[in-house]
Amino acid sequence: MKEKSKILKVILYAVLILYAVITLYPFLWALAASFKPLKEIVSGNPGLLPQHFTLDSYKYITGTSSLFTSWFMNSVIVSLIGTIVNLFLNTMAGYALARLNFPGRQRIYYGFLALMMVPAQVLLIPNYLILMNLGMLDSFKSLILPAAINIGNIFMMRQFFLSFPADVEEAAQIDGLGRISTFFRIVMPLARPSIATQAIFVFMGFWNNFMQPMLYISTPKKYTLTLGLQTFTNQQSGVRWDHSMAASIISIIPIIILYIVFNGYFLQGVRMDGEK
Amino acid sequence: MVKIKLDHIYKKYAGNDDYSVTDFDMEMKDNEFVVFVGPSGCGKSTTLRMVAGLETISKGNLFMNGQQVNEVQPKDRDIAMVFQNYALYPQMTVADNMGFGLKIRKVPHTEIKKRVDDAAEILGLSDYLTRKPGALSGGQRQRVALGRAIVRDASLFLLDEPLSNLDAKLRVEMRTQIAQLHQRLETNMIYVTHDQVEAMTMADRIVIMNDGKVQQIGTPDELYNKPTNKFVAGFMGSPAMNFFDVHLHDNRVSNGKGLDIVVPEGRLKGLRQQGYLDKDVVMGVRPEDIHTEQIAIDTFTDSIVNSQVVVSEFLGTESNLYSKVGTTEFVAQVNARDFHRPGENVEMAFEMNKAHFFDKDNGVTIE
């Protein structure tokens, strides 16, 4: 029996390692390609180690002739502001739906659930027309405002606050805090794991967003990274794999940093009865 | 010190047809320790929460020092509260938890530290001030919750089943500690519990509730010895009072199921005067008023039953004998020396001078 489970374990590990290699290989190839000259990349050599190691691609995309730095900063600005606005609004909305008694609360909640079923693609054209009428096209506002709240995250925060112990809030009330200060000083710090999870998803959503920037942004200097990256593959000189790979590698750095920063919160479970 | 008056208070939750609390009327004396006791869902916690300001009052008035405070916010009521699940702030240290209320009230830092240190010393928490609640045991957390209330130096302490999450031994320890705290702080306390032993041992006065209604307000002695109805009689005391549906005829009560004993003239007089002769009544006899000692058998010769022990529990100083006479079951609490094994036939004497009688229809005590 023991022998059998050992064999099963070996098979399982072998499958998982194979899967990891299959998944990781494209990433490692991109990483390697970013340090190779274009000739070596297109020569058909699938090897990972660069034969002619070079930082030229990185120098080019961060140089003055490239708009890459602007795109990167645009993405940072849009993603950061969008994430902060989302965290603020989604968390407050989730809290209100879970905790505050106001007329029509349940109806609003069901309305939100119904809206979750609407595919994002359906909203592209109406949003475009609204933004056009508001004169917001070709600005960061067009990327942030329509995505300032996220019903999925409101739902997630509502579920969290439903399980949040009411007596902790009541203790704060008796200690002298009002509703708003209780929310910011007691509830928010305890909701950090949920907020961190939300932050990662929202940030990644903004960071990887391609469709909206493509529709709403027309000035190249205002492109976000996703849109800018595409230009490397559209130039008349052919696909610049070297530049494209270097830009791609740089573009995933913020996501990795974000994951490292918030990773602790994913693993942290907080029991609200005073235990951790 | 604060004078508190709950003036005919009612509570109805939105969407409910019935009141959760009905006509709660009570005035608290200075430095009084009042315990609200009753089964789950009887409205005791709801009443406490109305006093705290955490629930609105549907009808009636709450007065503190003569001022109507129905609409006053909890933070402005000069109260401190201890919650059943401690309700500590997990992200703060013990010291911060205890001092948070003072910090909000902008009490100077040195004063907060002094008060927290003093409370920690009283509660034996001095070594744990830098720890977070997650690193404390249940008893320690409960003491932090008490400490948080103590440092506030409030006029009224509200304690909502604060010991229900502790084990039996710790509960007894904390019970004593809370009683000592009350003496030391000389303040009003309202304590909610479903445990009648806690109520009996700690209270100056007990309010016993059922179905949202106050059943009786009185000292532990009054509630135990002079219950106003069958519910109070049955709720106070462990094991609970034995109840027998009996018929009163001449000077005897019988139930046609093996129980047939004489009611002494002293008890019979009231029953007769109120027209219960030849009627069905409920008789209540506390387990400790049923005896097996020879001296009792010789004394209460008119109220002896030949019973059979069904289950016996040895508790150290006393024994509970779950017995039956005919098909009538009851429990007797006797001295541990009089322990009897299941199956034994034992003569038992009912001390009928201490028996209670209740109206069969409404359960009200017949004096």
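A crossing of two helices is called left-handed if the near helix is turned anticlockwise from the far one by less than a right angle, and right-handed if it is turned clockwise. With that in hand, welcome to a predicted model in which the crossing of α2(B) and α4(B) is right-handed. Chain A has 14 helices and 0 strands, while chain B includes an open sheet of 5 strands. The two chains also touch, through 23 residues from chain B and 19 residues from chain A.

**Chain A: helices throughout**

- Reading from the N terminus, the elements of chain A run α-α-α-α-α-α-α-α-α-α-α-α-α-α.
- Chain A is more spread out than a compact globule, because its radius of gyration is 24 Å, well over the 19 Å that the globule rule gives for 276 residues.
- The C-alpha trace of chain A spans about 70 × 70 × 35 Å along its principal axes.
- An unreviewed UniProt entry carries the annotation "transmembrane region" for several spans of chain A, namely residues 12-32, 76-97, 109-131, 143-162, 183-207 and 245-267.
- Residues 12-32 of chain A are 100% helix and 0% strand, with 29 Å between the end C-alpha atoms.
- For residues 183-207 of chain A, the figures are 96% helix and 0% strand, and the end C-alpha atoms are 29 Å apart.

**Where chain B meets chain A**

- Two or more residues each come from β6 (79-82) and α2 (94-104) of chain B on the side that touches chain A.
- That side of chain B is made up of 15 nonpolar, 4 polar and 4 charged residues.
- B:Asp78 is not a glycine, yet it has a positive phi of about 55°.

**The α2–α4 pair in chain B**

- Two packed helices are described by the angle between their axes and the distance between the axes.
- For α2(B) and α4 (residues 138-152) of chain B, the angle is about 30° and the axes are 8 Å apart.
- From α2(B), the residues in this contact are B:Val94, B:Asn97, B:Met98, B:Gly99, B:Gly101 and B:Leu102.
- Their counterparts in α4(B) are B:Val144, B:Gly147, B:Arg148, B:Val151 and B:Arg152.
- Sorted by class, the contact of α2(B) with α4(B) has 5 nonpolar, 4 polar and 2 charged residues.

**Strands of chain B**

- The open sheet has the strand order β15-β19-β16-β17-β18, and its pairing is antiparallel.
- Its edges are β15 (290-291) and β18 (328-335), each with a single partner strand, so one side of each is left without a neighbour in the sheet.
- Within this sheet, β16 (residues 304-314) and β19 (residues 345-350) of chain B run antiparallel and are joined by 5 bridges.
- B:Gln308 has B:Asn345 as its bridge partner in β19(B).
- Another antiparallel pair in chain B is β9 (residues 205-210) with β10 (residues 213-218), again over 5 bridges.
- Here B:Ile206 stands opposite B:Gly218 in β10(B).
- The hairpin of β9(B) and β10(B) has 2 residues between the strands, and B:Asp211 takes a positive phi near 50° there.

**A cis peptide in chain B**

- The peptide bond that joins B:Ser238 and B:Pro239 is cis, with omega about -5°.
- B:Pro239 belongs to the loop between α8 (230-235) and β11 (242-249) of chain B.

Terms used:
Residues numbered from 1 in each chain as written. Chains lettered and ligands numbered in written order. Predicted model: local features only at pLDDT ≥ 70, side-chain atom pairs only at ≥ 80, totals over all residues. Contact = placed C-beta atoms within 7 Å. Helix = DSSP H or I, 4+ residues; strand = E, 2+ residues; numbered from the N terminus. Nonpolar A, V, L, I, M, F, W, Y, C, P; charged D, E, K, R; others polar. Axes fitted to C-alpha atoms, helices over the stretch in contact; angles between N-to-C directions. UniProt positions renumbered as here; feature names shortened; annotations may be inferred. Pairing = 2+ DSSP bridges. Rg over C-alpha atoms; globule rule 2.2 N^0.38 Å.
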